[in-house]
Amino acid sequence: MTDLVPIGVAPGSFDWLVGVFKSHQKWKEIDHKTQRLYEQGLSLFANYKLKDGTRAGSKQISQFTRGFADTVYAKLLVVEEKDADGNVVERERRRFANAAMAACRRAWFVGQRSQEKHVPAVNPFSRMGLKARSPGKPVRETPTATWDDLVAFREAARKLGYFSVATAALVTWEWLQREEHVFGAFEITHYRPKERPNSVKIVHPKNGEEAWWPLFDDRGEALFPELMAELDAIKKDMVSGLVFRRDHAHRKSTTPLPWITERKDLRYLRSVVKDIVVAAGIRAELSFTSFRHGGFTEGADSDLTDAELRAAGRHRSARQLPTYAKRTRKQLISGTLKRREERTKAAGLSE
């Protein structure tokens with residue numbers, strides 16, 4: 001264990017656990033935006049000063065309890081500030097505190113798998129029952145796009161020269177991927193590599209779950225023909241790196257750079273998406289995330305059995321997957337079957 005301990009960090013401390021997490025391959029697979037959020041959250045927890053004057057980060061993780069995690073969370077939830085008149089007021093920072101607990105939970109799980117002899121199996125940051133908002137605070141919902149919205153958006157994107165954004169929108173709809181993963185973490189090696197030519201690697205950076213999804217059913221029929229044709233075309237010209245790059249003719253760089261390399265890039269990407277939304281003539285409140293919500297909605301009422309999963313080309317039992325992946329899997333497959341049915345009907349009408 002001592003070989004993994006940075007200079008000045010006590011072996012077995014929370015600071016040491018953070019070091020283990022950040023040196024693990026799982027950390028390298030996380031997109032840059034999420035890494036920054038994790039670093040902020042881990043630092044917020046580690047630098048919290050305890051009653052005895054020591055930092056939470058210096059405390060031995062073998063002494064951590066759920067009660068300790070809950071106590072520190074309650075303290076981090078509220079911050080004291082001075083108003084314009086110099087009065088000390090309390091302000092809640094729930095989103096920041098929740099993100100810190102999520103980062104600690106992830107670090108613990110990764111550390112436990114890597115150093116199971118030194119990291120307790122019980123994760124004190126797990127199942128904390130965190131609330132996303134204060135009681136009474138209105139819910140801010142992301143508008144959900146329809147399939148027609150997606151078709152119009154993709155057509156407008158192509159007309160404006162944003163072919164990569166058009167394909168990315170179909171990815172987030174079909175595979176229920178978040179914006180930061182589609183543009184910041186989806187690499188060409190995740191799609192039909194030599195060792196898995198009939199699969200795609202689906203990753204959920206938010207919770208770290210990942211799985212290989214089949215691209216063909218039992219009869220060898222493509223499950224996502226339109227999307228696969230576009231990704232196959234991209235793969236012909238790429239060996240490594242992020243799939244989606246700035247391919248529009250009016251870009252500043254002659255080299256197609258990734259859409260997201262730092263935070264300001266995300267703002268630029270969202271402005272491009274807004275321009276496409278306007279050009280498509282669809283609802284102005286729609287965002288890139290709206291298409292992911294549309295994909296979820298399409299299969300939200302699905303309750304497929306294992307036999308139905310296999311019939312749709314998914315050979316691995318859903319019971320072997322984590323809860324989130326299982327739910328996503330069912331919704332994804334439901335959407336696939338619906339699209340196939342619509343394609344069949346359309347082909348019948350065109351004959």
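Trainee: Why is Glu226 called partly exposed?

Mentor: In this predicted model, Glu226 has a relative accessibility of 44%. Buried means under 20% and exposed means over 50%, with partly exposed in between. The value of 44% lies in between, so Glu226 counts as partly exposed.

Trainee: What makes Arg154 buried?

Mentor: The relative accessible area of Arg154 is 4%. The cut-off for buried is under 20%, so Arg154 at 4% is buried.

Trainee: How do you know that Glu226 and Arg154 meet in a salt bridge?

Mentor: Their side chains come to 3.0 Å, N to O. A salt bridge needs a side-chain nitrogen of Lys or Arg within 4 Å of a carboxyl oxygen of Asp or Glu. The pair is an Arg and a Glu at 3.0 Å, so it counts as a salt bridge.

Trainee: What makes Glu230 and Arg154 a salt bridge?

Mentor: Their closest N and O atoms are 2.7 Å apart. The limit is within 4 Å, so this pair counts as a salt bridge. Glu230 is in helix α9 and Arg154 in helix α6, 76 residues apart.

Trainee: Which residues are linked with Arg154 in a network of salt bridges?

Mentor: Glu226 and Glu230 are linked with Arg154 in that network. The structure holds 11 salt bridges.

Trainee: How do you know that Arg192 forms a salt bridge with Asp232?

Mentor: The closest N and O atoms of Arg192 and Asp232 are 3.3 Å apart. That is within 4 Å, so the pair counts as a salt bridge. It links the loop between α8 (179-184) and β3 (199-204), where Arg192 lies, with helix α9, where Asp232 lies, 40 residues apart.

Trainee: Why are Arg192 and Asp232 each called partly exposed?

Mentor: Arg192 has 21% relative accessibility and Asp232 has 25%. Buried means under 20% and exposed over 50%. Both values lie in between, so each residue counts as partly exposed.

Trainee: Where is Arg127, and why is Arg127 called exposed?

Mentor: Arg127 is in the loop between α5 (94-114) and α6. Its relative accessibility is 83%, which is over 50%, so Arg127 counts as exposed.

How values were computed:
Residues numbered from 1 in each chain as written. Predicted model: local features only at pLDDT ≥ 70, side-chain atom pairs only at ≥ 80, totals over all residues. Heavy atoms only, no water. Buried < 20%, exposed > 50% of the residue type's maximum accessible area, 1.4 Å probe, protein only. Helix = DSSP H or I, 4+ residues; strand = E, 2+ residues; numbered from the N terminus.
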